[in-house]
Amino acid sequence: MFAIRAPRLFDGDGFSQDRTVLVQDGRIAGLDDGAAPPGTPLHVLPEGTLLAPGFLDVQVNGGGGVLLNDDPTPGAMAAIVAAHRRHGTTGCLPTLITDRPAVLDALLAAAQEAVRVPGVLGLHCEGPFLNPVRKGAHREDYIRVPTDADLRALAALADAGRSQVTLAPERMPPGFLRALAAAGVRVSIGHSEATAEEVALAVADGATGVTHLFNAQSQMTGRAPGIVGAAMASDGLFVGIIPDGLHVHPVNLKAAFRAIGPERLMIVTDAMSSLGAAGDRFMLMGREVTLSAGRLTTADGTLAGAHLGMNEAVRNAVAMMGASLAQALVMASRTPARFLGLDGERGRIAPGFAADLVALTPDLDVVGTWIGGAWEAA
Ligand code: ZN
């Protein structure tokens, strides 16, 4: 058992001052309750430090020079987690983009071992079951329609933490989406040209998410709401968004925040291997991606993921969306926890919750994190 002394604390709902958090066996055992035996080790955070629920990022392609597609193994995931941890992330879904069947097979084969890596909550398969019209930086030649064997393989993800599949519902065989969702995998609509009517059908079949709002999907116009309009009008869809100010114009970030609100909008980074790595270029699926002025692009100018950490994304949510700090922190932790069905154990600082925490300076630089009660300075 040990205790954390926090000058400021955000518990998932609101702020308070001068709190003591008791941690035992990787979980929060109490707050200010005096239950700590005399001599309990005390971790005192510097003056001004804010203690908050650790950030949860459901879309992480890489970090620390490692790209999941290049190495879909638990070891690579541990390296990616380490890079994102310096930005306050304590739980993520390593995300595989569209690739050859053998790469997806390798990822799925590693799923059970992967979720034993601290900080890996599950896996995210973004593709290959997408609409080529909205391929973004995905390779069109690897985009395909799923088979029954794919359904069986992906459904097994339901036993590997809290996993997610991004797909284009309008391209799926009848019954596929419903069977995948019924198996317990979170289905998110993305890289799709779906109409609002097709989104409604997908939701009726069990889809619960929208992947990176505005990017690589049908847009909202007056007579055609598309995925963007459907996401804004929805009561229940959880909506990922990349707040780097490059993927989505700041005015649209603000519009999305006002329409959707912090209970359904989730901050994701969509980060690539460049985060926490030296150099300004890397290979993505055989194509060179260049980092310039914070922007990752392929040779034809297509955005290829983001160069963004979660603490920077939270900062941007305040600056660009007009969110309060509390709302930004909710979009970075409590809301993704609810999307993942982890609202009873993550996204709050409360007894019984995981001791997955981030300590932040007043400027939202990361002081350090705890994952399962284990501290690491940033
Ligand atoms: Zn994408």
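This is a predicted model: local features need pLDDT of at least 70, side-chain atom pairs count only at pLDDT 80 or more; totals for chains, interfaces and linings use all residues.
Me: Why is Ile28 called buried?

Reply: Ile28 has 2% relative accessibility, and buried means under 20%, so Ile28 counts as buried. You can find Ile28 in strand 3, residues 27-31. Beyond its neighbours within four places in sequence, Ile28 is in contact with several residues, including Val21, Leu22, Ile349, Phe353 and Leu357. Ile28 and Gly372 are 344 residues apart in sequence, and their C-alpha atoms are 9.3 Å apart in space.

Me: What makes a group of residues here a nonpolar core, and how many residues has the largest one?

Reply: The largest has 91 residues. Among those with the most contacts inside it are Leu154, Leu213, Ile241 and Met321. Helix 10 (residues 325-339) gives the most to this core, with 8 residues. Both domain 1 and domain 2 contribute at least three residues each. A second, separate core of 17 residues includes Phe2, Phe353, Ala355 and Trp370. In soluble globular proteins, nonpolar side chains tend to be buried together.

Me: Which residues is Ile241 in contact with, leaving aside its neighbours within four places in sequence?

Reply: Its partners include His212, Leu213, Phe214, Val248, Leu265 and Met321.

Me: How do you know that Glu126, His191 and His212 are donors of the zinc ion?

Reply: Glu126 (OE), His191 (NE2) and His212 (NE2) lie 2.0 to 2.2 Å from the zinc ion. The cut-off for a donor atom here is 2.8 Å, so these atoms qualify. Along the chain, the donors follow the spacing E-x64-H-x20-H. His191 sits in the loop between strand 12 (186-189) and helix 6 (196-204), while His212 sits in the loop between strand 13 (209-210) and helix 7 (226-233), 21 residues apart.

Me: Why is His212 called buried, and what is its phi?

Reply: His212 has a relative accessible area of 4%; with the limit for buried at under 20%, His212 is therefore buried. Phi of His212 is near 30°, a positive value in a residue other than glycine. Most residues other than glycine have a negative phi.

Me: How do you know that the side chains of His138 and His191 make a polar contact?

Reply: The distance is 3.4 Å, and a polar contact needs N or O atoms within 3.5 Å, so the pair passes. His138 lies in the loop between strand 10 (124-126) and helix 4 (148-155). With a relative accessible area of 3%, His138 is buried. Beyond its neighbours within four places in sequence, His138 is also in contact with residues including Ile97, Glu126 and Arg287.

Me: Is Asp18 buried or exposed?

Reply: Asp18 has a relative accessible area of 52%, and exposed means over 50%, so Asp18 is exposed. Asp18 lies in strand 2 (residues 15-24). Phi of Asp18 is near 50°, a positive value.

Me: Why is Gly122 called buried?

Reply: Gly122 has 0% relative accessibility, and the limit is under 20%, so Gly122 counts as buried. Gly122 lies in the loop between helix 3 (111-114) and strand 10. Among the residues Gly122 touches, not counting those up to four places away in sequence, are Cys92, Pro94, Val115 and Ser163.

Me: What kind of peptide bond joins Gly127 and Pro128?

Reply: A cis peptide bond joins them, with omega about 10°. Most peptide bonds are trans. Pro128 is in the loop between strand 10 and helix 4.

Terms used: Residues are numbered from 1 along each chain as its sequence is written. Side-chain values use heavy atoms; hydrogens and water are left out. A nonpolar core is a set of buried Ala, Val, Leu, Ile, Met, Phe, Trp, Tyr and Cys residues joined through side-chain atoms within 4.5 Å. Buried means under 20% relative accessible area, exposed over 50%, partly exposed in between (1.4 Å probe, protein chains only). Helices (H or I, at least four residues) and strands (E, at least two) are DSSP runs, numbered from the N terminus. Domain bounds come from an automatic or database domain assignment. Contact means heavy atoms within 4.5 Å. Donors are N, O and S atoms within 2.8 Å of the metal (3.2 Å for Na, K and Ca); water is not among the atoms, so sites may look incomplete. A polar contact is a pair of N or O atoms within 3.5 Å; within protein, one must be able to donate a hydrogen and the other to accept it, and residues adjacent in sequence count only if both atoms are side-chain atoms.
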